[in-house]
Structures are given as C-alpha cells and as structure tokens.
Amino acid sequence: MDQHSERANDPQVVETENERKRSAAARLFDIRRVIGGLFVVYGVIVGLVGLFDSAAEIDKAQGVRINLWAGLAMLAFGLFMLAWQWLRPVVPPSAEEAREV
C-alpha cells in the first residue's frame with residue numbers, strides 16, 4: 001500500500017478534514033459577509049449618484065445632498081460589517097458539539 005491510502009484511513013486526519021470543511025462552510029455562509037458586501041456595493045452606487053446630483057434634485061431635498069450622505073452611511077455600515085466579520089470570525093462547533101445536536 002502507498003502512503004496516501006494509509007493516511008486517509010487515519011481517524012485524526014479524517015476529523016481534521018471534517019473540521020476544515022465545517023470551518024470553510026461557516027465562513028462562507030456568514031451573514032455579515034453578505035450584508036456587508038451588499039451595503040458596500042449599494043453605498044458606492046448611491047454615493048456616486050449623490051456626487052452627480054443636479055441642482056433641482058438638491059433643491060428637492062432642501063439643499064441636502066441626501067444621496068451622498070445616504071451612500072456614505074451605507075458604505076460605512078458595510079465596511080463595519082466586513083471588518084467585524086474579519087476581526088471576529090465564526091467558530092464552527094467542535095465535532096463533539098455537532099454530534100450532540
């Protein structure tokens with residue numbers, strides 16, 4: 001037998017691979033990443049629209065560049081969500097905790 005088939009049957013290797021897969025799945029489906037990404041994209045779009053608002057649109061908003069401010073707020077919130085996800089990643093349950101559920 002070659003070395004690869006022996007290693008695949010090792011329980012520690014199988015458990016480590018399962019933990020790696022659970023960790024990747026937990027990071028992939030972290031809602032903070034989805035929300036943060038959407039808010040960053042929408043914030044950039046709305047912010048750019050706000051930069052190029054006409055005088056009539058600014059007058060409608062009583063002199064406030066509402067699209068620009070809303071876009072900046074959305075961008076800040078999206079970046080906050082992405083930073084939060086990066087600084088405090090999701091910890092998947094251990095194998096024992098997963099078996100209990």
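Modeller: Gladly, and please keep in mind throughout that this is a predicted model. A place to begin is Phe-39, which counts as partly exposed because its relative accessibility is 31%.

Colleague: Which ring does Phe-39 pair with, and is that pair stacked or edge-to-face?

Modeller: The structure holds two aromatic pairs, and one of them joins the rings of Phe-39 and Phe-77, with centres 4.9 Å apart. The planes of these two rings stand at 75 degrees, and since planes over 60 degrees apart count as edge-to-face, the pair of Phe-39 with Phe-77 is edge-to-face.

Colleague: How many residues apart in sequence are the parts that this pair ties together?

Modeller: Phe-39 belongs to helix H3, whereas Phe-77 belongs to helix H5, which covers residues 66–87. Phe-77 is itself partly exposed, with a relative accessible area of 35%.

Colleague: What kind of pair do Phe-80 and Trp-84 form?

Modeller: Phe-80 and Trp-84 are four residues apart in helix H5, and are therefore separated by about one helical turn. Their ring centres lie 6.1 Å apart and their planes are at 25 degrees, so the pair is stacked.

Colleague: Which residue lies over the face of Trp-84?

Modeller: Trp-84 is partly exposed, as its relative accessible area is 39%. At 4.8 Å from the centre of its ring, and over its face, lies Arg-32.

Colleague: Which residue is the salt-bridge partner of Arg-32?

Modeller: A search of the whole structure finds one salt bridge, and Arg-32 takes part in it, with the closest N and O atoms 2.9 Å apart. Both residues of this salt bridge are buried, and the partner of Arg-32 is Asp-30.

Colleague: What is the C-alpha separation of Ala-83 and Gly-36?

Modeller: Ala-83 is also found in helix H5, and it is partly exposed, with a relative accessible area of 33%. Ala-83 and Gly-36 are 47 residues apart along the chain, and their C-alpha atoms are separated by 8.7 Å.

Colleague: How much accessible area does the nonpolar patch that includes Ile-31 have together?

Modeller: Ile-31 is in helix H3, which covers residues 31–51, and it counts as exposed because its relative accessibility is 54%. Together with Val-34, Leu-38, Val-41, Tyr-42, Ile-45 and Val-49, Ile-31 forms a nonpolar patch on the surface, and the accessible area of these residues together is about 640 Å².

Colleague: Which residue has a positive phi although it is not a glycine?

Modeller: Most residues other than glycine have a negative phi. The residue in question lies in the loop between helix H4 (55–60) and H5, and it counts as exposed because its relative accessibility is 75%. Its phi is about 60 degrees, and its name is Gln-62.

Colleague: Which residues does the UniProt annotation "transmembrane region" cover?

Modeller: The span 34–56 is 87% helix, with its end C-alpha atoms 35 Å apart, while the span 68–87 is 100% helix, with its end C-alpha atoms 28 Å apart. According to the unreviewed UniProt entry, the annotation "transmembrane region" covers residues 34–56 and 68–87.

Colleague: To finish with the whole chain, how many helices and strands does the protein chain have?

Modeller: Buried residues make up 16% of the 101 residues in the protein chain. Read along the sequence, the pattern is α-α-α-α-α-α, and the secondary structure comes to six helices and zero strands.

Note on methods:
Residues numbered from 1 in each chain as written. Predicted model: local features only at pLDDT ≥ 70, side-chain atom pairs only at ≥ 80, totals over all residues. Heavy atoms only, no water. Salt bridge = Lys/Arg side-chain N within 4 Å of Asp/Glu carboxyl O. Buried < 20%, exposed > 50% of the residue type's maximum accessible area, 1.4 Å probe, protein only. UniProt positions renumbered as here; feature names shortened; annotations may be inferred. Helix = DSSP H or I, 4+ residues; strand = E, 2+ residues; numbered from the N terminus. Patch = residues over 30% accessible without salt bridge, like charges linked within 9 Å, V, L, I, M, F, W, Y side chains within 5 Å. Areas by Shrake-Rupley, 256 points an atom, 1.4 Å probe, with all protein chains shown as cover. Phe/Tyr/Trp six-rings, centres within 6.5 Å; stacked < 30°, edge-to-face > 60°. Lys NZ or Arg CZ within 6 Å of the ring centre and 35° of its normal.
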